Amino acid sequence: MTGWGFGFVAAGALALAVLALGPLLAHLARQSPVERRAFGAMMLIERLARRIRRRRRIQDPALLAVRLLTVLLVVAAVARPELRVPDTAPRIGGAGRVVVVLDNSLSMSLEETGALPALLGAADAGEGTLLARARREAVDLVGALPPGARVGAVAVAGGEEGPERLLPTLVDDHGRVARALEAVQPTWAGTDLAGALREARALLGGEPGEVVVFTDEAGPGTVTATVPEIERILAAGGRVLPRVVRAASSRNVTVASVAHGGGIEGGSLRVGLAGYGEGSEEAAVTVTLPDGSRMTAFTQVSGCPEPISEGTALPACERADVLFTVPPEVPGGVATASLEDDRLTSDDTRWFHLPRVGPSRVLVVDGDPGPTPIQSEVYFLERALAPWGNQGMGVTPEVTAPDGVTSLDPERYRVVFLANVSDPRPLADALSAFVRAGGGLVITGGDNVTPERYNAALSTLLPAPLRRARNLVSFEVEGGLPLAFPDTGLDLFAPFARGGRAGFAAVRTRRALTFDPVPEEVEARTLLAFEGGLPFLLERTVGRGRVLVLAGTVDLAWGDLPLQAVFLPFVQRLVAFLGGESAGGTARFDGTVGEPVSIPLPGPSHRPRVTDPDGHAVSTRGIPGWIRFTPRRPGSYTVSIEGGPPIAWVAVNPPAPESDVRRQTGLAEVEAAIDPTRLTRRVALGPAAFAGALLLLLAQAAAGWRRLGG
Amino acid sequence: MIPWDPEVLSRIRRLALVARHAVQGVLHGEHSSRALGPSVEFVDYKAYTPGDPVRDVDWRVWARTDRLVVRRYQAESHLPVVLVLDASGDMATGTAGGGRPPLDTSKAGYALCLTATLAWYLHLRGEPTGLAVLGGDDVPWRALQPRTGRRHLGSILGVLASVRPAGRAELGRGLTRVAAGLERRSMVVLASDLMEEVAGWAPALDALGRRRTDVRVLHLYDPRELDLAFPRAARFFSPEGGAPVALDPAGVREDFRGVVRAWMHEVKEAVTAWQGRYLPVPTDRPLTDPLFRLLSGGSRRRRVAPHAA
């Protein structure tokens, strides 16, 4: 609402105020009459003078003031003064078209009276909240509209992409509109007032009408984003009439951020709390880890004083950080940090991704166990993976036979070694899903490897079709074919840039798998080769995972790689490269309620399925290579492939601006800024000033006439 | 010669000047002396006190009431009259001013005619008549002691004919001087506009009263002047001096009337407080009016002055 104002249409005319010097000078000069008259009763005149002198002390200044006022009023009349007063809002419905916009965003769930937190979704959910009051007032407004007025309704949140029309068009049935408004439920979505006004404008169809907005105007930038829509509504002759619904005390505490960092045991979780509004309070923060374990801590959270500057995304409010120590081993997944806040419960929980904490698990599939451990295919590999045994440090290998593999969970294993397995066909699907979900697969050669079976079962994973193994040198000859120096520009070999690169050249291989040429459509490359260019290590990216094929063996059957000093760091680096640092990381996404989430798919042949925190399927939209959905509530969403393990986790949180329940720039201010005159009534004071001057002149004339005895 | 009004003179002749005060003069006539003495006209009784003449004891009252009272009588005598003329500059105002005033327009002219008429009347009555002129220029004699005779009358008329209003009258000082020159009980007739503060001349009037002088004040005023009946604003000034005052008569007329009323009341109270007689004399009236009132009023005031007891 605009304030009172005053101004002059022709302010230049105020220069005429110098005319006021006329009566002033005349008053000061007070010309004496010219005529002289001898008078025999001067004694009485002197008495009279004493008598009237006291009166003149009052009358003369008053007369001067009246004359000055007369001149100034005339000047003011010429300058055309005008008073700008806030216009009284006309009766809603006068234009015949009304659209009621009801804000059901998250911030509208703020409890007004500090009652117990309402459970969203319950039958009486939201009672005592801002939304409940706004709903009642909106229904009352619709009921009070004049008959015949066409009414529409828009909910700020609720549609697939945000605001939605509660009724497709304007209707005459006010009861129907009221019922639609009563059915509006609270949401976790943000305040898209601009979108709601756009829908309201579409309902009006370009005709003049009134858009009555029931909102708390919370959230930085929420209202200023409506400027274009308000301009369009005003241009069409419409009006935006805000009905601000606010709690007497706006106070809210929310979990603003969670960050996992280093530290003792499994590292630390830094939970950031933000307080909005006046005052401070103690908050109990509880972190629930993916395995269900809980940790609680208390802290004091201060608030942000009002007002804040408009447009600040997340104002620099008083924050409080709480540190939690993560246990040494925690499975990765979506965890929560929540606190108790009895005013706005919807933003009290924040979902976040917690990477797997603890040693990396590597599954080693031994295709040639042998009669004794030392004769096992993976003896050296197992030692290279865990030089100090399974002490919870570094990598924890699990060795199994091929028939012992049932499922491959990317969250459980980061890398799978397929060592000299003769028939990979039973594992093909699991391996494919595992790799596409981000797992790392290393296939090593050996006498058991049958290229035909591999090419048939793992064609989608192999960087290149396998050929039969062949001898690189005569077995009677000592040594073998050396490896070329690796390219330390590659990520895999980057750690060897500081030393050890020559160790690869010491490796001698007498026999190795060979490959067909790499197909053009396959994204594969040679990471390491023998001297002469024969590939030794090939890589292919599949989905979010990688597949490496080692042309040699990890035992001493085809070469001396396990005996070389570079073997252990090379194996450790393989694990880190394939999944030790990013296992599942590419499958973790963050989302916001009401905003679309797009996730890349591991392959075109898969049909992903998205489930919400309750396990219900979420409608999705498929675009080539991607899946897209819009979360309607916060929590942990899972993207999985039919019959396969999850390929992505999405931690969805409420929109952060909704937590800021303090007062922001209002719609009325925005509307007034767009068109200052629209909400202002101009009252011309020129005629009144002129009439006043005329009255004063008449009064002076009458007084003069009376003095003359007329 | 003074242009006498024949009508006035004829009317004056029909009136008798009845003196109210008994004088101790040797001339007994129609005047009743204010002094008590062997006379034929009974006044009243008083309680007998040692020293009172025994022949004045009323024995019949003693016989009825057993109280001794003496009878008191009023004696008749000639009464010297001093005509005091205010010739100050203010008296020259009216419709004309400056020079010797016309005898029928200004206050001074009216006063001259009135004074001359009284002198002529008193001469006809044989009363000793004196003259004192307060203020004025070209005054041959400031004071003429009360005398009779045609020559003396000519002197009075000569003074009146030659006086020119000017200066200040200073009534208080003038009346005190007149009182000092009175040898016995007499009458003082003051013709003035009294345009001086009452506090300045009231004590002198008091002194005359204490001398048992019959004081009669002819208060001359110009009704047009006291009504501020002037059409335009002007700078009003006093012929006696002082700073002029710019005034719009229309704007202050009502207030001025209030001032005049208060002043007239003040003057009357001051004159009558000492048994003087106050006669307002508007100058737009014929001369006979104030004369009739002056001469006829004396018979209604035949009583004992408080100083006689």
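1. The sheet of chain B. Six strands of chain B form an open, mixed sheet in the order β5-β4-β3-β6-β7-β10. Strands here are DSSP E runs of at least two residues, helices are H or I runs of at least four, and both are numbered from the N terminus. Two strands pair if DSSP finds at least two bridges between them. This is a predicted model: local features need pLDDT of at least 70, side-chain atom pairs count only at pLDDT 80 or more, and totals for chains, interfaces and linings use all residues. Residues are numbered from 1 along each chain as its sequence is written, with chains lettered from A and ligands numbered from 1 in the order written.

2. β6 (187–192) and β7 (214–221) of chain B run parallel over 6 bridges. Met187(B) has Asp214(B) in β7(B) as its bridge partner.

3. A helix on the sheet. α5 (171–181) of chain B touches β3 (81–86), β4 (129–134), β5 and β6 of chain B. Contact means C-beta atoms, placed from the backbone, within 7 Å. The direction of α5(B) makes about 160 degrees with that of β3(B). Axes are lines fitted to C-alpha atoms, for helices over the stretch in contact; angles run from 0 to 180 degrees between N-to-C directions.

4. Between the chains. The contact takes 32 residues from chain B and 21 from chain A. α8(B) gives the most to the chain B side, with 8 residues. Strand β2 (36–38) of chain A runs parallel to β8(B), joined by 3 bridges. Ala38(A) stands opposite Phe237(B).

Definitions and conventions
Contact = placed C-beta atoms within 7 Å.
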